[in-house]
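Please look over the sequence and the model shown here.

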Amino acid sequence: MQLNVAHHYCESINKTIRRPTRTVMIGKVPVGSQHRIALQTMTTTDTRNVQLTVDQVKKCADAGADIVRITVQGKKEAEACMKIREQLFKDKYDVPLVADIHFQPTVAMMVADAFEKIRVNPGNFADGRKTFDVINYDDPREFERERELIEETFTPLVLKCKELGRAIRIGTNHGSLSARILSYYGDTPRGMVESAFEFADVCRKHDYHNFVFSMKASNPLVMVQAYRLLAEEQYKRSWDYPLHLGVTEAGEGEDGRMKSAIGIGALLMDGLGDTIRVSLTEDPEFEMDPCKRLAGLGERAWGSGLGVAPFPETTRDTHTFTRRVGDLPVQAPGEDLDFRGALHRDGTVYNAVSLADLKQPEFLYKRLGAKLAVGMPFKDIATADSIVLSEVPAAADKDARRALRRLQEVTTHVIAPIEALAKDPLPGAIALVALQQAAAGPVTLPEGSTRMAVQIDGTETEDELAAIKALNPIVALLATKDGVSRLHSSRRVFDVLKRHGITTPVIHRITFPAGTVRDEIVITTGSLVGGLLVDGLGDGAMVECPGEDTDFLRTTAFGLLQGCRMRNIKTEYVSCPSCGRTLFNLQEVTDQIRTRTGHLPGVAIAVMGCIVNGPGEMADADFGYVGGAPGKIDLYVGKEVVRRGIPMESACDQLIELIKEHGRWVEPAVEEESKELVATA
């Protein structure tokens, strides 16, 4: 079924079909729907250091990069680019190079002689340095007249690239929209798209079509909306230009991989994307592994025709983010346990627990994120809200049952299969029933159980899904059946639930085979579950993998929720990827700041290596730490610089002072370390 054109952003809503795009040549590398996804990264060296940059490009190419981007700040860097390209050719490396240009049209003209592609940022290519001045356009014609400056500035580069066979990326950044666009469209996905189209119109006017689009943002929700709107508007215009996918300033480690997976993976599963970059604060060659995993996920989905039978989707709004909020539990008379903590209003996290885990209760409590006091667990900000058992300890196993009871008493509840509870009743346990079984006939709760949960596998009929309303479970676990597309079947499930007025909380349950590597768990979870949460479809997550550390699975689920802007359990960091413009060691400084501020949930701190990615990319941050000059740091509150030119040695201390001044600081908690944990370490 094709969507109404107003929401037609992909080829199909029930099946992953790659969006048809033309082929754009970036040197020797073809980019478009007739080719595999091209993998990109960006150097972190000083571009003026020719040999160091050449060596890093080689490392990236050897690691699998098809295309490598290099920052080009000025004429000296442009001159170095000539030597970099020449040396790479001498060394038998013909990997295409991309010049990253901000503010400098004349530099773009210079480097087009050497590099195969030029990246321009519509937010500052013609409009100059970033400002947040509001311009009053009472007459829309005045806004249009200012397009003439864009055309005048951009046309020479277009003509040169056409003549030389170079490519251009028209790369809009959410955080660096021009004052002109911000004043007219606001800080919106629509503004991002219209900003890019102004530049695309210049290209098309001169019959130049060797260009691609990108719509980057540090917030995956904004990024996904912008790319969808971009694709939708291309459909309306019968355009077929390829898309470069990437999350700006994704960060480091699992957090960076998760944010990239949420943004990039969600789009790939809808058939969008022709070239990708996973932006991390690590050395660029380490971006290649998650990049390959994401590309593989998308290509397998396209190649297999992953999907479900057509269904009439009528409730999902791809233009405006609206989160589905399920009903939280209400305490019933006579219940001796408090079930209100079984779910969390901002997003719920469940963990699978085995009988073996129960043999070391204090160690388990810690892995579940609980605080300990005299060996007893207490819920903390990132404690699993409930646990799920596949089997129940026998009545004779007093220690295991005591461990479970202590969790129940602090509202980390126990969910277990109804069959297991019928055999070995566990007081207060929530009985888990397959929805198809529950819908087929009356459900008798086991002795000691007063609450029921249902499990959905995505293949249920509409009548079976509608039965949830009468069953009134405390929660539904959405565990997609093997071989069924999680994204598409879940969209159908949520559509049915909404049409029937069912507000039962739904937790995504995703399971991996034993031995699955951690990066694969993060990338797949972010892509498949994150691809639903970016549309507000879901109330939480449960990630399980037999034999994997419970703590890792829990923090992965929490990272997913935080990346989808649901539940904040730790400080959020927005870090620009290191590049030749960076004025300090980004990873070292970010680690230093994280060590001292990582206990501030709800606080977002931007760590930016230079002014180019400074105030603009801090759109989502409360505080900013930005390289202003060598050895000097500027501190921001929101988008406003409040302290300039601070010596780097004292900048972290002054950042903390600033956080305190604005009432966002709390002292780190001191945790008790139990004897059992010490013995286990």
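Predicted model: local features only at pLDDT ≥ 70, side-chain atom pairs only at ≥ 80, totals over all residues.

## Salt bridges within a helix

Side chains of opposite charge can pair when their charged atoms come close. Across the whole structure, the search finds 52 salt bridges. One of them joins Asp 399 and Arg 402, with 2.9 Å from N to O. Both residues belong to helix H12, which covers residues 398–409. Three residues separate Asp 399 from Arg 402, or about one turn of the helix. Arg 402 has a relative accessible area of 41% and is therefore partly exposed.

Helix H20, residues 550–563, holds Arg 554 and Asp 551, again three residues apart and about one turn of the helix. These two form a salt bridge in which the closest N and O atoms are 2.5 Å apart. Arg 554 counts as buried because its relative accessible area, 7%, is under 20%.

Salt bridges can also share partners. Arg 190, Glu 194, Glu 232, Glu 233, Lys 236 and Arg 237 are joined in this way into one network.

Glu 462 and Arg 499 form a salt bridge whose closest N and O atoms are 3.0 Å apart. Glu 462 is in helix H15 (residues 462–466) and Arg 499 is in helix H17 (residues 486–499), so this contact ties together parts that lie 37 residues apart in sequence. Both partners are partly exposed: the relative accessible area is 31% for Glu 462 and 38% for Arg 499.

## Aromatic pairs

The structure holds eleven aromatic pairs. Phe 125 sits in the loop between strand S6 (117–120) and helix H4 (140–145), while Phe 199 is part of helix H7 (residues 189–205), so the pair links parts 74 residues apart in sequence. Phe 125 and Phe 199 are both buried.

Phe 211 and Phe 213 make another edge-to-face pair, at 5.5 Å centre to centre and with 85° between the planes. Phe 211 is buried at 0% relative accessibility, and Phe 213 is buried with a relative accessible area of 0%. Phe 211 and Phe 213 also belong to one aromatic cluster with Phe 197, Tyr 208, Trp 239 and Tyr 241.

## Charges over rings

Which ring does the charged end of Arg 518 sit over? The ring is that of Phe 552, and the charged end is 4.3 Å from its centre. Arg 85 lies over the face of Phe 89, at 4.0 Å from the ring centre.

## Positive phi angles

Most residues other than glycine have a negative phi. Ser 238 is not a glycine, yet its phi is positive, at about 60°. Ser 238 is found in the loop between helix H8 (220–237) and strand S9 (244–245). Its relative accessible area of 65% is over 50%, so Ser 238 counts as exposed.

Arg 565 also has a positive phi of about 60° without being a glycine. This residue is in the loop that runs between H20 and strand S21 (572–575). Arg 565 is partly exposed, with a relative accessible area of 27%.

Note on methods:
Residues numbered from 1 in each chain as written. Heavy atoms only, no water. Salt bridge = Lys/Arg side-chain N within 4 Å of Asp/Glu carboxyl O. Helix = DSSP H or I, 4+ residues; strand = E, 2+ residues; numbered from the N terminus. Buried < 20%, exposed > 50% of the residue type's maximum accessible area, 1.4 Å probe, protein only. Phe/Tyr/Trp six-rings, centres within 6.5 Å; stacked < 30°, edge-to-face > 60°. Lys NZ or Arg CZ within 6 Å of the ring centre and 35° of its normal.
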